[in-house]
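Subject: Structure handover

Hello,

Here is the structure for you to look at. My notes on what was found follow below.

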Amino acid sequence: MRAMTVTIVGSQLGDEGKGGIVDLYGDDVDVVARYQGGDNAGHTVVHEGEEYKLSLVPSGAIRGKVGVLGNGCVVNPRTLFDEIDTLQERGLDPDVRIAERAHVILPFHRVLDGIEEELKSETDDEVGTTGRGIGPTYEDKAGRRGVRVGDLLDPDVLRERLEYVVPQKRAVVEDVYDLDVDELDDPDAFDVDAIFEEFREFGRRFEAEDMTVNAGAFLSATIDEGQNVMLEGAQGTIIDIDHGNYPYVTSSNPTAGGAATGTGLSPGVVGDGEVIGIVKAYLTRVGSGPLPTELGGVVGDTPGYDEQGEGENEELANYIREEGGEYGTVTGRPRRVGWLDLPMLRHSTRVSGFTGIAINHLDVLAGLDEVKVGHTYTLDGEELASMPATTEQWKRCEANFKSFDGWPEVDWADAADGGYDALPENAKGYVEYIESELDTPAYAIGVGPGRGETIVREQPF
Ligand code: IMP
């Protein structure tokens, strides 16, 4: 039976090029649904020569697909309407539906994100968040004091929710963090009336444009009609709140389980479909935390970086960062760089049950004499094939590297036209090693940023 859903999951630390793969398979898709995260994500889509940078609107919406933000997402309506308005000014008419059950990022969430990071930075413990209020919003969701998209449509409910939660947040700022709300940059972020006015207006717009849906019911009906649905994860497995390197994580589940809970489709529906793990041919990381295959040499003041082998292979790291354009889409921060990490990928493959993988950015490594991968780890004298469960253990892991002969720079557009066989031999050897270690076929291989620069070996729909 042909797949009705294809789920796209980041297998590493985010920024694997998921958007490009969503785009690649997008022609056969009727609806693209995001299942977690918010405007911490960033994707760049090139469509008809125009570049679009988006953080909330699903990339498929640019190509006339219906884009859904599932209940597992956290939605900042300011960002959402900014993006929609910008797309409309550029002549597009994106069709975006928002789950009534999705939680709303309110102004104080961003402020609290900043305050907590600042406090943690005093002891070098900051996570290096994107500052978008993601963690505080999911906290309120789990704490049963959040505001949901559906609440914006009902003024009485919205006011009641705000009157409960806002005074609590004021008290946290004043009594826990010992700060004066009125001296913050944005004191209105803690003002019930100001929030009510602004967010009620967002609610009216949601209503007027008929944008809110019961996501699970909507997506099930779409599938029942025989349409194809793509479930698009943001971020990646190693920053998953459950399966990542806690506490250096985002506050949601980018792994495939999140595709069910974050949309309202059942695990059976997700599992009957394809689950494609997106793998970058090397590693990058923004924010703090260990990285056993790190090359070193990040510029700037990435928190937690100092202790991670600074400088050792700085030149190589800088080279890969520049070749790959490894700077954050949302924050512009330079990304830390490392070799591919197989214990990480074995963990990701198990957690999400990848039926296929897509390997991106293979061209970035071209021209190097030697390409390495972390094949296994050694932890306390023992060899490990997969990641340990605690970040403290992971930090103590030493990577055992495997070395590959490099491959030459070629005309990648030609290589993509020529298909898999046209790839340089050593590049194929690298791909086949990854496939064999993960026991998972590579459905697609990205050799450049454009849509035509991806070798497609399997159409999942
Ligand atoms: P938050 O999601 O803003 O709370 O940030 C938590 C952690 O996830 C930080 O280390 C961020 O750098 C990381 N993170 C969040 N979104 C992305 C992303 O889209 N790509 C890569 N890292 C991300």
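Two strands count as paired if DSSP finds at least two bridges between them; the strands (E, at least two residues) and helices (H or I, at least four) are themselves DSSP runs, numbered from the N terminus. The model is predicted, so to speak of local features a pLDDT of at least 70 is needed and side-chain atom pairs count only at pLDDT 80 or more, while totals for chains, interfaces and linings use all residues. Residues are numbered from 1 along each chain as its sequence is written, and side-chain values use heavy atoms, with hydrogens and water left out.

Ten strands make up an open sheet of mixed pairing, in the order S9-S7-S5-S2-S10-S1-S11-S15-S19-S20. At its edges are strand S9 (212-213) and strand S20 (454-456), each of which pairs on one side only. Within this sheet, strand S5 (residues 66-69) runs parallel to strand S7 (residues 95-99), and four bridges link the two. Valine 68 has arginine 97 in S7 opposite.

Helix H14 (residues 425-438) lies across two strands, S15 (356-360) and S19 (442-446). The helix runs at about 150° to S15; axes are lines fitted to C-alpha atoms, for helices over the stretch in contact, and angles run from 0 to 180 degrees between N-to-C directions. Contact here means heavy atoms within 4.5 Å.

Other strand pairs

Strand S16 (residues 370-379) pairs with strand S14 (residues 340-341) in the parallel sense through two bridges, and aspartate 341 has glycine 374 in S16 as its bridge partner. S16 is also joined to strand S18 (residues 398-405), antiparallel, by eight bridges; there tyrosine 377 stands opposite alanine 399. With strand S17 (residues 382-384), S16 forms three bridges, again antiparallel, and threonine 378 is partnered by glutamate 383. The hairpin of S16 and S17 has two residues between the strands, and aspartate 380 in this hairpin has a positive phi near 50°.

Strands S3 (residues 43-47) and S4 (residues 50-54) run antiparallel and are joined by five bridges, with threonine 44 opposite lysine 53. They form a hairpin with two residues between them, and in the turn glutamate 48 has a positive phi of about 50°.

Backbone exceptions

Most residues other than glycine have a negative phi, and most peptide bonds are trans. Aspartate 210 has a positive phi, near 55°, and lies in the loop between helix H6 (192-208) and S9. The peptide bond joining tyrosine 246 and proline 247 is cis, with omega about 5°. Proline 247 belongs to the loop between strand S10 (229-232) and helix H8 (256-261).

The ligand

For polar contacts the limit is a pair of N or O atoms within 3.5 Å. A side-chain N or O atom of asparagine 40 is 2.8 Å from an oxygen atom of the ligand. A polar backbone atom of glycine 128 is 3.2 Å from a ligand oxygen atom, and a polar side-chain atom of arginine 333 lies 3.2 Å from an oxygen atom of the ligand. The protein covers 96% of the 470 Å² of accessible area that the ligand has on its own, by the Shrake-Rupley method with a 1.4 Å probe.

Regards

Conventions. Polar contact = N/O pair within 3.5 Å; in protein donor to acceptor, adjacent residues only side chain to side chain.
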